[in-house]
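Dear colleague,

Please find below the structure that I am handing over to you.

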Amino acid sequence: MAASFDLTRYLGTLPLFAELREEDRQTLALQGCRLSRPTRGDRLFAAGHRCDEMLVVVTGHVKLYGLTPAGGEKVFELIGPGQCIGETLVFHGQPHSLHAQALTDLLLLHLPKAPLTALVAREPRFALRLLAGA
């Protein structure tokens, strides 16, 4: 499936990227974007790890959670298809404050910091949508 997955078209279905010109979506798709297939139970990142990319859940579900002082888990958010993870942290160079784990088998889209930063510099409306949480 990954070989036939049209990243440019998929980005156009996401509200955050839908208003971009096709050339901008295509440039973004060609500049280091990649797909991965974590399986149920895989840890995607841990709290304290540097956020150097934005993730988009294409299929499946992710849980974002913290650890309690007693060692238990506190779930803060469930992320599903079309939702992003790290869309603001990636620009600040800050570490993740939560852990992320695959609740199901996933198809994830990884968008690296450099092309996202270039896109923000070229397209102020995109930057405003990021700030608004579009």
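**Salt bridges**

Asp-24 and Arg-21 are joined through their side chains by a salt bridge, with an N to O distance of 3.0 Å. Please bear in mind that the model is a predicted one. Asp-24 is buried, because its relative accessible area of 4% falls under the 20% cut-off. Arg-21, with a relative accessible area of 45%, is partly exposed.

Asp-24 also forms a salt bridge with the side chain of Arg-122, at 3.4 Å from N to O. This pair connects distant parts of the chain, since Asp-24 lies in helix α3 (residues 22-30) and Arg-122 in helix α5 (residues 113-122), 98 residues apart. Arg-122 has a relative accessible area of 40% and is thus partly exposed. A network of salt bridges links Arg-21, Glu-23, Asp-24, Arg-122 and Glu-123.

A further salt bridge is found between the side chains of Glu-73 and Lys-63, with 2.6 Å from N to O. Here, too, distant parts of the chain are linked: Glu-73 belongs to strand β5 and Lys-63 to strand β4, 10 residues apart. Glu-73 is partly exposed at 45% relative accessible area, whereas Lys-63 is buried at 11%. The count of salt bridges comes to 6. In general terms, side chains of opposite charge can pair when their charged atoms come close.

**Strand β7 and its partners**

Strand β7 comprises residues 99-102. His-99 and Gln-101 point one way from this strand, while Ala-100 and Ala-102 point the other way, and all are buried. Strand β2 (residues 43-45) runs antiparallel to β7 and is joined to it by 2 bridges; within this pairing, Arg-43 has Gln-101 as its bridge partner. Strand β4 (residues 62-67) is likewise antiparallel to β7, with 4 bridges between the two. In that pairing, Val-62 stands opposite Ala-102.

**A nonpolar surface patch**

Which residues form a nonpolar patch on the surface? The patch consists of Val-75, Leu-78 and Leu-103, which together have about 240 Å² of accessible area. Leu-78 is located in strand β5, which covers residues 73-79. Leu-78 counts as exposed because its relative accessibility is 52%, and the cut-off for this class is over 50%.

With kind regards

Conventions
Residues numbered from 1 in each chain as written. Predicted model: local features only at pLDDT ≥ 70, side-chain atom pairs only at ≥ 80, totals over all residues. Heavy atoms only, no water. Patch = residues over 30% accessible without salt bridge, like charges linked within 9 Å, V, L, I, M, F, W, Y side chains within 5 Å. Areas by Shrake-Rupley, 256 points an atom, 1.4 Å probe, with all protein chains shown as cover. Salt bridge = Lys/Arg side-chain N within 4 Å of Asp/Glu carboxyl O. Buried < 20%, exposed > 50% of the residue type's maximum accessible area, 1.4 Å probe, protein only. Pairing = 2+ DSSP bridges.
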